Amino acid sequence: MAIQLTENAAKQIRAQLARRGRGLGLRVGIKKVGCSGWAYTYDYADDIGADDRVFEAHDSRLVVDGKSLEFLDGSTLDFVKEGLKQVFKFDNPN
């Protein structure tokens with residue numbers, strides 16, 4: 001099981017952690033929303049839990065809990081600029 005991290009996403013993670021002044025990486029996950037949907041969650045990772053998996057690329061870390069990993073496996077996280085909007089974006093084959 002793996003999640004890929006683009007260089008743009010890694011650069012943004014490093015920049016956000018530097019601004020914040022602490023943190024181990026970006027924590028991503030999923031949560032149930034509405035009747036039959038899912039949404040991605042993003043937060044700072046200040047610690048690594050026993051159930052967490054850590055993915056490293058381009059000098060950045062991505063932390064994912066075990067339950068979310070089954071939905072995110074095989075995904076690629078990117079950071080994209082669309083006009084004035086700048087967001088993390090998953091390319092998820094699941």
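Let's start with a contact: Asp 47 and Arg 27 meet through their side chains in a salt bridge, 3.8 Å from N to O. A salt bridge here is a side-chain nitrogen of Lys or Arg within 4 Å of a carboxyl oxygen of Asp or Glu. This pair links distant parts of the chain, with Asp 47 in the loop between β3 and β4 and Arg 27 in strand β2, 20 residues apart.

Now, the ground rules. This is a predicted model, where local features need pLDDT of at least 70, side-chain atom pairs count only at pLDDT 80 or more, and totals for chains, interfaces and linings use all residues. Residues are numbered from 1 along each chain as its sequence is written, and side-chain values use heavy atoms, without hydrogens and water.

The mean pLDDT (the predictor's confidence in each residue, from 0 to 100) is 92 for the protein.

Back to Arg 27. Its side chain also meets Asp 52 in a salt bridge, at 3.1 Å, N to O. Asp 52 sits in strand β4, 25 residues from Arg 27. So Arg 27, Asp 47 and Asp 52 form a linked network of salt bridges.

Is Asp 52 buried or exposed? Buried, at 16% relative accessibility. Buried means under 20% relative accessible area, exposed over 50%, partly exposed in between (1.4 Å probe, protein chains only). Arg 27 counts as partly exposed, at 21%.

How many salt bridges does the structure hold? Five. One of them joins Asp 46 to Arg 20, with the closest N and O atoms 2.7 Å apart. Asp 46 lies in the loop between β3 and β4 and Arg 20 in helix α1, so this pair ties together parts 26 residues apart in sequence.

Notes
Helix = DSSP H or I, 4+ residues; strand = E, 2+ residues; numbered from the N terminus.
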